[in-house]
Amino acid sequence: MRAALFASLTSTLLALLLSACGQESAPSKSAKGEAPKPPSEIIVKIGQVSPLTGPQAHLGKDNDNGARLAIEEANAKGPTIGDSKVRFELVSEDDQADPKTGTIVAQKLVDSKVAGVIGHLNSGTTIPASRIYHDAGIPQISPSATAVAVTGQGYKNIFRTMANDAQQGKVLGEYAVKIGAKKVAIIDDRTAYGQGLADEFEKAAKAAGAAIVGREFTSDKSTDFRAILTSVKGKQPDLVFYGGMDAQAGPMAAQMKSLGIQSKFLGGDGAQSAEFIKLAGAAAEGVIASSPGLPLEKMPGSKEFREKFSAKYGQIQIYAPYAYDATMTLIEAMMKANSVEPAKVVAELSKISRQGVSGPIALDE
């Protein structure tokens, strides 16, 4: 025992003397004589939240697939952050377009330590969820929430790759008068998006000289609007504006036609989808809806994106390009920060400038 201890101490002393003389021993090896293995792959979770069930599921999957395509392409490049190879993983949650459910899944993503969130789709879920992400310091980029309040809360970690309703509503109100509408009726679905857009539309239409002859309300779950439309018909508006999504706008257009309402029908970005045309049928002819950004065919990266997306997921609805851009922007911020630490990623997002599929992306105050 003493001989073994003496040998051990002698060996240690010799190693220290060699080190002091500037001589280094060979790199350590495992018991089998193998060199140490490089650091293992790190999984970086990115959340995605949208309605994946219910009447807006087609839009929610559109967002989810746009984000998923970006994740797949980013991983194919073998990204590294720091000295480690990383693999991005999309964690999708279904908020059912419901504000209460939105906060529940937001907390779930925070608890699962996501590095950032793409979403939510709807303004009504994005606004309450953003408070949870803000408290956790997690960066959030919505590809589709247009309500002014989303980024009007002063949270430095909340962004979007989308116009807001103050911009969109103003254009829509002015456009209604430009196409000859003197008397206008307004219907909205009472959501943060629908009501907010309708409010902005009303202000702009009035300022441009239109008279608002009626303001009606429905919900984002309704499909029968005959009572509301009968009331609207009696006021003989030149134009009916609807603030809400395609799941209601489609049946509303069809019912306007069946009731013999001759008024023009105008909607926001929520009615500008392939699903709207399907739901409205022949009544879709002549309906006008605003585009939240450049039309798909005029987007800088539209041709390549459309081909890749359609091959994997089918027809684009509305927001897939913006979800793709939001995800790529978040990943680029992580790469520039060389970190997934939320505060560092938020700092990079605040000064990022890049070319996206939908156009140039820079996120201002």
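Trainee: Which residues form one aromatic cluster?
Mentor: In this predicted model, one aromatic cluster is formed by Phe 305, Phe 309, Tyr 313 and Tyr 324.

Trainee: Which residues make the contact?
Mentor: On α11 they are Phe 305, Lys 308 and Phe 309, and on α12 they are Ala 320, Pro 321 and Tyr 324. The contact of α11 with α12 comprises 5 nonpolar residues, 1 charged residue and no polar ones.

Trainee: Changing topic, how many aromatic pairs are there?
Mentor: The count is 4 aromatic pairs. One of them, Phe 201 with Phe 241, is stacked, with 4.1 Å centre to centre and 10° between the planes.

Trainee: Where do Phe 201 and Phe 241 sit in the chain?
Mentor: Phe 201 belongs to helix α7 (residues 192-207) and Phe 241 to strand β9 (residues 239-243). The pair links distant parts of the chain, 40 residues apart.

Trainee: Is Phe 201 buried or exposed?
Mentor: Phe 201 counts as buried because its relative accessibility is 0%. Phe 241, also at 0% relative accessibility, counts as buried.

Trainee: And how many helices and strands does the chain have?
Mentor: The chain has 13 helices and 13 strands. Of its 365 residues, 49% count as buried.

Terms used. Residues are numbered from 1 along each chain as its sequence is written. This is a predicted model: local features need pLDDT of at least 70, side-chain atom pairs count only at pLDDT 80 or more; totals for chains, interfaces and linings use all residues. Side-chain values use heavy atoms; hydrogens and water are left out. Contact means heavy atoms within 4.5 Å. Helices (H or I, at least four residues) and strands (E, at least two) are DSSP runs, numbered from the N terminus. Ala, Val, Leu, Ile, Met, Phe, Trp, Tyr, Cys and Pro count as nonpolar, Asp, Glu, Lys and Arg as charged, and the others, Gly among them, as polar. Buried means under 20% relative accessible area, exposed over 50%, partly exposed in between (1.4 Å probe, protein chains only). Rings of Phe, Tyr and Trp (its six-membered ring) pair if their centres lie within 6.5 Å; planes under 30 degrees apart count as stacked, over 60 as edge-to-face and the rest as tilted.
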